[in-house]
Amino acid sequence: AVVSTQSTGESEETMEAKPDDGVYVYGLFIEGAVWDRENMQMGEAAPKILYDTIPVVWLKPVEKKDLSKEGVYEAPVYKTSERRGTLSTTGHSTNFVMFMLLKSDLPQEHWINRGVALLTQLDD
């Protein structure tokens with residue numbers, strides 16, 4: 001099984017119940033883009049806007065064959081904006097958390113060129 005990600009469009013204050021399957025995650029920031037709350041997808045960041053908050057995201061386990069990567073950006077999630085860490089014994093950076101699939105009407109390359117990533121915290 002792999003994890004499907006879906007934005008609920010809600011804030012943590014408006015969530016009324018836990019999901020039947022998976023978990024809700026909140027408090028993430030997006031760097032290099034914004035979250036278009038009207039269209040429920042990624043959008044271009046306004047000039048001089050570095051970060052935006054992401055609404056509550058539903059992490060749901062699914063079979064790999066059922067996971068569609070059409071119309072999404074595989075956004076890396078990092079613990080800090082430094083985006084680097086030491087390599088662990090698994091070969092992954094200690095700063096990298098996971099990839100989240102975010103809905104987008106633009107191709108992956110567009111967001112990769114802008115360096116878009118999700119962060120669990122902002123620098124002071």
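## Strands E8 and E10

Strands E8 and E10 run parallel and are joined by two bridges. Strands here are DSSP runs of at least two residues (E), helices are runs of at least four (H or I), and both are numbered from the N terminus. Two strands count as paired if DSSP finds at least two bridges between them. Tyr 78 stands opposite Leu 119 in E10.

This is a predicted model, in which local features need pLDDT of at least 70 and side-chain atom pairs count only at pLDDT 80 or more, while totals for chains, interfaces and linings use all residues. Residues are numbered from 1 along each chain as its sequence is written, and side-chain values use heavy atoms, with hydrogens and water left out.

## The five-stranded sheet

E8 and E10 belong to an open sheet of five strands in the order E6-E3-E10-E8-E9, with mixed pairing. Strand E6 (51-53) and E9 are the edge strands, each pairing on one side only. From one strand to the next the twist averages 35 degrees; axes are lines fitted to C-alpha atoms, for helices over the stretch in contact, and angles run from 0 to 180 degrees between N-to-C directions.

E8 and E9 pair in the antiparallel sense over seven bridges, and Glu 74 has Leu 101 in E9 as its bridge partner. Strand E3 (residues 29-31) and strand E10 (residues 117-119) also run antiparallel, joined by three bridges. There, Glu 31 is partnered by Ala 117 in E10.

Strand E8 (residues 72-78) is mostly covered, with six of its seven residues buried. Buried means under 20% relative accessible area, exposed means over 50%, and partly exposed lies in between (1.4 Å probe, protein chains only).

Asn 95 lies in the loop between E8 and E9. With a relative accessibility of 5%, Asn 95 counts as buried. Its side chain reaches the backbone nitrogen of Thr 80 at 2.9 Å. A polar contact is a pair of N or O atoms within 3.5 Å; within protein, one must be able to donate a hydrogen and the other to accept it, and residues adjacent in sequence count only if both atoms are side-chain atoms.

Ser 104 is buried, at 5% relative accessible area, and its side chain reaches the backbone nitrogen of Leu 106 at 3.0 Å.

Trp 35 is placed in strand E4 (residues 34-36) and counts as buried at 4% relative accessibility. Between Trp 35 and Ile 54 there are 6.2 Å in space, C-alpha to C-alpha, and the two are 19 residues apart in sequence.

## The largest pocket

The largest pocket holds about 310 Å³ of space. A pocket is an open set of points on a 1 Å grid over the protein atoms alone, with protein on both sides within 12 Å along at least five of seven lines, whereas a cavity is a set where a 1.4 Å probe fits but cannot get out; lining residues have an atom within 4 Å of a point. Grid points are joined across faces, edges and corners, and a volume is the space filled by probe spheres set on the points.

The lining has 16 residues, and Thr 5, Gln 6, Val 72, Leu 101 and Lys 103 lie nearest the centre of the pocket. At least two lining residues come from each of strand E1 (2-7), strand E7 (57-62) and strand E9 (96-103). E1 gives the most, with four residues. By type, the lining divides into nine nonpolar, five polar and two charged residues. Ala, Val, Leu, Ile, Met, Phe, Trp, Tyr, Cys and Pro count as nonpolar, Asp, Glu, Lys and Arg as charged, and the others, Gly among them, as polar.
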